[in-house]
Amino acid sequence: IGRPLPNVRAYVLDRNLNPVPVGAVGELYVGGAGVARGYLGRPELTAERFIRDPFVADPFVETDSLDAGTGKRLYRTGDLVRWRPEGVLVYVGRADRQVKLRGYRVELGEVEAVVEQHPAVAACAVMLKEGAAGPHLVAYFVAGEDVSEEALRGWAREHLPPYMVPSAWMRLEAMPLTPSGKVDPHALPEPDPTRPDLEGAYVVPRTPLEEKAAEIWAEVLGLNRVGREDSFFELGGHSLSAMRVIARMRDAFGVSVPVRSFFEAPTVASVAELIENIGWAARKDVPIPPLGKRVEIEI
C-alpha cells in the first residue's frame, strides 16, 4: 500500500503499542495531519480507535488531552501490515479476524501472510473450522502443482509457532471472491474428511491392535481412515485431542500410554508397539522396554 503521505506518521505496532521489526506483522496506526477527532456521536468507538500518540512529545502542551496540540492522536486502523526493508507498507489483512484457539489468540491474517511468502503460493485464506477433534485451522491456497500440502505444512512449521500451523490444507484453483474483491469465506469448501495428503503413502494397519488404534484415531480426528505410519499431529491432532485418544485407548486396551511417549512417537505403529510392550511388562512387573526392542518373558 506504499509509503505514508507527507505530514502523516505511520506506525506498525504490536498489542502493547511497541513497534515491530521490519518484516513482522503488526497493526497499522496513523498519526499527523488529517486524523479526525473521533466518530460523530459514538464515544465508545472513538475511545477504542483514537488514542494519544505516545511517540510525539509537545513541549508547549502541559496536558495529555487528545484535544490539545496538533497531531497528538493516533488512529487505530485495524489493518494488519508489515514494513518492507525499503520502507514500503504491505497489507496483510484485518486485525478483527483474530480468533482464539486452545487458549491462544491467533491472527488469521498473520498465518496467511506467512504461507503466501512461499514462492509457489499465489494466494492463501485461513479459517477457523469446527471438527470432530474440536476447532482447528484450515488453510485454503492457490499454488503451483510442484508444491504439495506437506511442503507448505513444513514451511508453516518453520515460520510459525505450533499452535498457529493449520492442521488441514486444501488446494483451490482460484479463491472465491466477493464483488468487492475480498475472499468470500462462505464460498470456501468444507474440509474433506479423508486422510490428509501427507508426505508418505497410506499404509494399511497390519495387526488387530493397529487396526483398533487407527479406528480410535479416525473417530477422534473425524477422518475416514488412518494409516499405520501416519503422524497423529500431522493429521490435525493437538494436545487436547491427544488426551482423548489416550483415554479411548486406555479403555480399549486396558493400558495407559504415557503422554510423553505418545508425543515422542505419535504414529499408529509406534503406539501399538508401545501398548504391546506395556502389556507384557504389566504381567511380570518389569520395566517397559524401549520402542523397537522386544522382550520375551515366560508366563
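This report describes salt bridges in a predicted model.

The count comes to 11 salt bridges.

| Pair | N to O distance |
|---|---|
| Arg 9 and Asp 53 | 2.8 Å |
| Arg 49 and Glu 27 | 3.8 Å |
| Glu 150 and Arg 153 | 2.7 Å |

**Arg 9 and Asp 53.** The closest N and O atoms of Arg 9 and Asp 53 are 2.8 Å apart. Asp 53, at 0% relative accessibility, is buried.

**Arg 49 and Glu 27.** A salt bridge joins the side chains of Arg 49 and Glu 27. Because Arg 49 lies in helix α1 (residues 43–49) and Glu 27 in strand β2 (residues 26–32), the pair connects parts that are 22 residues apart in sequence. Arg 49 and Glu 27 are both buried. Together with Arg 76, these residues are linked in a network of salt bridges.

**Glu 150 and Arg 153.** This salt bridge, at 2.7 Å between the closest N and O atoms, lies within helix α3 (residues 149–159), where Glu 150 and Arg 153 are three residues apart and thus separated by about one helical turn. Buried means under 20% relative accessible area. Glu 150, at 11%, is therefore buried, and Arg 153 is likewise buried, with a relative accessible area of 3%.

Conventions:
Residues numbered from 1 in each chain as written. Predicted model: local features only at pLDDT ≥ 70, side-chain atom pairs only at ≥ 80, totals over all residues. Heavy atoms only, no water. Salt bridge = Lys/Arg side-chain N within 4 Å of Asp/Glu carboxyl O. Buried < 20%, exposed > 50% of the residue type's maximum accessible area, 1.4 Å probe, protein only. Helix = DSSP H or I, 4+ residues; strand = E, 2+ residues; numbered from the N terminus.
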